[in-house]
Amino acid sequence: MIVVLGVSSGLMILNAVIIIILLVWIFSWAFQTYRRKRYATVLSQDDFKKGMRKAQVIDLRQENDFKQGHILGARNLPYPYLRQQYGELRKDLPVYLYDEGMTLSTQAAAFLGKHGYDHLYILKDGYRAWDGKTKKSKY
């Protein structure tokens, strides 16, 4: 009988841990979705392609990822550098952001939005789903 109680309490603890992990994940997902909707507009690939010629296209990935391939016409400004050099971006032009997914883009949009940038756009599903023109570095 003692063994059965030990297993039951062990399973209860495991269930509680799993529930806590799920709740944290759901809260994190909801918070990121809220931030994305508050500061930026998520664009499909087609809409991103249509507007990017009149915008500042910023690749937030690290330089080595950028060199392996990036959207044609994009400027590499990794997120940590963006936080220091955001003043180089023009506030009167739209800013199109992308990274591998949408995590860094969401953080960058929130940061830029708090610093007075209004026209912020994020590529839905990021670079990993991009099927448009790309460029790779020669080196």
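Predicted model: local features only at pLDDT ≥ 70, side-chain atom pairs only at ≥ 80, totals over all residues.
Which residue's side chain meets that of Arg-75 in a salt bridge? Side-chain values rest on heavy atoms, with hydrogens and water left out.

The partner of Arg-75 is Glu-88, and the N to O distance of this salt bridge (a side-chain nitrogen of Lys or Arg within 4 Å of a carboxyl oxygen of Asp or Glu) is 2.6 Å. Glu-88 lies in the loop between helix 4 (79-85) and strand 5 (95-98), whereas Arg-75 belongs to strand 4 (residues 75-76), so the pair ties together parts that are 13 residues apart in sequence; helices (H or I, at least four residues) and strands (E, at least two) are DSSP runs, numbered from the N terminus. Glu-88 counts as partly exposed because its relative accessibility is 48%, and Arg-75 is likewise partly exposed, with a relative accessible area of 32%, given that buried means under 20% relative accessible area, exposed over 50% and partly exposed in between (1.4 Å probe, protein chains only).

The count of salt bridges comes to six. Among them, Asp-92 pairs with Arg-90, the closest N and O atoms being 2.7 Å apart; Asp-92 is exposed at 54% relative accessible area, and Arg-90 is partly exposed at 44%. Shared partners join the salt bridges of Asp-59, Arg-61 and Glu-100 into one network. Within this group, the side chains of Arg-61 and Asp-59 meet with an N to O distance of 2.8 Å, and both of these residues are buried. In general terms, side chains of opposite charge can pair when their charged atoms come close.

Five strands form an open sheet in the order 1-6-5-2-4, with parallel pairing; two strands are taken to pair if DSSP finds at least two bridges between them. Strand 1 (41-43) and strand 4 stand at the edges with a single partner strand each, so one side of each is left without a neighbour in the sheet. Strand 1 is joined to strand 6 (residues 120-123) by three bridges, the two running parallel, and Leu-43 has Leu-123 as its bridge partner in strand 6. Strand 2 (residues 56-59) directs Gln-56 and Ile-58 one way and Val-57 and Asp-59 the other way, and all are buried. In a regular strand the side chains alternate between the two faces of the sheet. Four bridges connect strand 2 with strand 5 in parallel, and the bridge partner of Asp-59 in strand 5 is Tyr-98. Strand 2 also runs parallel to strand 4, to which two bridges join it, and there the bridge partner of Asp-59 is Asn-76.

Aromatic contacts were assigned from the rings of Phe, Tyr and Trp (its six-membered ring), which pair if their centres lie within 6.5 Å; planes under 30 degrees apart count as stacked, over 60 as edge-to-face and the rest as tilted. The count comes to seven aromatic pairs. One of these is the edge-to-face pair of Tyr-86 and Phe-111, at 5.2 Å centre to centre and 85° between the planes. This pair links distant parts of the chain, 25 residues apart, with Tyr-86 in the loop between helix 4 and strand 5 and Phe-111 in helix 5 (residues 103-114). Tyr-86 is partly exposed at 24% relative accessible area, whereas Phe-111 counts as buried at 11%. The rings of Tyr-96 and Tyr-121 have centres 5.2 Å apart and planes at 50°, so the pair is tilted; Tyr-96 lies in strand 5 and Tyr-121 in strand 6, 25 residues apart. Tyr-96 is buried, with 7% relative accessible area. Tyr-96 and Tyr-121 belong to one aromatic cluster together with Phe-48, Tyr-98, Tyr-127 and Trp-130.

Over residues 12-31 the chain is 100% helix and 0% strand, and the end C-alpha atoms are 28 Å apart. A nonpolar surface patch of about 760 Å² is made by Leu-11, Leu-14, Ile-18, Leu-22, Trp-25, Ile-26 and Trp-29. Patches comprise residues with over 30% relative accessible area and no salt bridge, like charges being joined within 9 Å and nonpolar side chains (Val, Leu, Ile, Met, Phe, Trp, Tyr) within 5 Å, and accessible areas come from the Shrake-Rupley method with a 1.4 Å probe, only the protein chains shown counting as cover for residues. Leu-11 is placed in helix 1 (residues 2-39) and is partly exposed, with a relative accessible area of 47%.

Technical notes. Residues numbered from 1 in each chain as written.
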